[in-house]
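Open the model in your viewer and keep the selection tool ready. We will go stop by stop.

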Amino acid sequence: MGIELNILQAEHGDAISISFDFEGEIKNILIDGGPAQAFEVQQVPRPLKLFLNEIKRKNQKIDLLALTHVDDDHIGGILAGFNKYGYLSEITQDVWFNSGKLIFNHFDKPLDDSNTVTLKKSLGRNTSIGQGIKLEEHLTNKNIWSQRLLKAGDEIDWFGSKFKILSPSLSKLEKLLVKWEKETPNSNTAGRGNDYQASFEQLLEDDTFKEDKSIHNGSSLAFIFEYSDSSILLLGDAHPSVVIESLKSLGYSEQNPLRIDYVKVSHHGSKANTNNELLKMIECENFIISANGKHHGLPDKLTLARIIENFPTANLMFNYPDLISEIFTEEELTKGTFSTASCKSTIQI
């Protein structure tokens, strides 16, 4: 069957599944779960819950749950799935999650009142650190957590597939060795408006890259996934500087780029997480944007312009395809050499 890739409609977040056949048995990987409303809203099933319903109907498991980092738009749906009887608690086999405890233990730092957070009875949608602590409790109680700290440079063989971890670096993880609190949004990534009215030429004319400064995003898991002859670059919300250094350490460069089938663009297409230096180190035609366009003005059209400038025939894929007509003018769509597509349904690789 090769690889089946699903980019679930997870509102402004990420919820991604990879499935493949290993020796006659289907293995399912779930990467993030979007915000809580990606699971259900007022008991009405939403895409994540519908996906898990299908897994259960087939008598399959979530063989690996990989949480990239603790932001609400990645962890909220996972917590909702653990809180609902019969779902993640019962069907998950293994979990990758760089929790606060793992990070503190790795750096041999004590956990005390100076660096922990007391959970409130009601978790607001932005209390991602509190959600991370809550998830630690779930995983510890269920005994399905490998408690392995994942970091750049790790390579993991998993049922005939391979993960090459590109992010986070230890220095990015070390930045979490402080009291975990809600961060003030970075104006470079969290603007309320969008740049959709500008042309490609206008966006690229004075393009100056400023990297995302979010500590949480800097701790995001990003990796190359390989199975058989297929490969996917899944970037979570990672910082490009970390990914670039990891690619260099693997021997890749502008002269020897990483050849990849699909890229899940970092941080929902934020202009602060994709730069030309990174794009010049890969060779790919299919770029996936996971975003509904209703949060922080993401994706940024500037990011898409950078991709098209480096890959003029790129295929830009959206899990919310209505965004295509919002972002691009009719002239850009008809005269451009790039293409656009929906990735609402399963991608066969």
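**Ground rules.** This is a predicted model: local features need pLDDT of at least 70, side-chain atom pairs count only at pLDDT 80 or more, and totals for chains, interfaces and linings use all residues. Residues are numbered from 1 along each chain as its sequence is written, and side-chain values use heavy atoms, with hydrogens and water left out.

**Stop 1: Asp-14 and Lys-264.** Select both side chains. They meet in a salt bridge, 2.8 Å from N to O. The term means a side-chain nitrogen of Lys or Arg within 4 Å of a carboxyl oxygen of Asp or Glu. Why does this pair tie together parts that are 250 residues apart in sequence? Asp-14 lies in the loop between strand E1 (3-7) and strand E2 (16-22), whereas Lys-264 belongs to strand E13 (residues 262-264). Strands (E, at least two residues) are DSSP runs, numbered from the N terminus. Asp-14 and Lys-264 are both buried. Buried means under 20% relative accessible area, exposed over 50%, and partly exposed in between, using a 1.4 Å probe and protein chains only.

**Stop 2: Lys-162 and Asp-157.** Here the closest N and O atoms of the salt bridge are 2.8 Å apart. Lys-162 is partly exposed, at 23% relative accessibility. Asp-157 is exposed, at 61%.

**Stop 3: Arg-259 and Glu-283.** Another salt bridge, with closest N and O atoms 3.4 Å apart. Arg-259 sits in strand E12 (residues 258-259) and Glu-283 in strand E14 (residues 282-283), so the pair links parts 24 residues apart in sequence. Arg-259 is exposed, with a relative accessible area of 52%. Glu-283 is partly exposed, at 38%.

**Stop 4: a network.** Select Glu-25, Lys-27 and Asp-63. Salt bridges link these residues in a network. How many salt bridges does a search of the whole structure find? The total is 19.

**Stop 5: strand E10.** Select residues 222-227. Of the 6 residues in E10, 5 are buried. Strand E9 (residues 161-167) pairs with E10 in the antiparallel sense over 6 bridges. Two strands pair if DSSP finds at least two bridges between them. Look for Phe-163, which stands opposite Phe-225 in E10.

**Stop 6: on to E11.** E10 also pairs with strand E11 (residues 230-234), in the antiparallel sense over 5 bridges. Phe-223 stands opposite Leu-234 in E11. Finish at the hairpin of E10 and E11, with 2 residues between the strands. Ser-228 takes a positive phi there, near 55 degrees.

Definitions and conventions:
Helix = DSSP H or I, 4+ residues; strand = E, 2+ residues; numbered from the N terminus.
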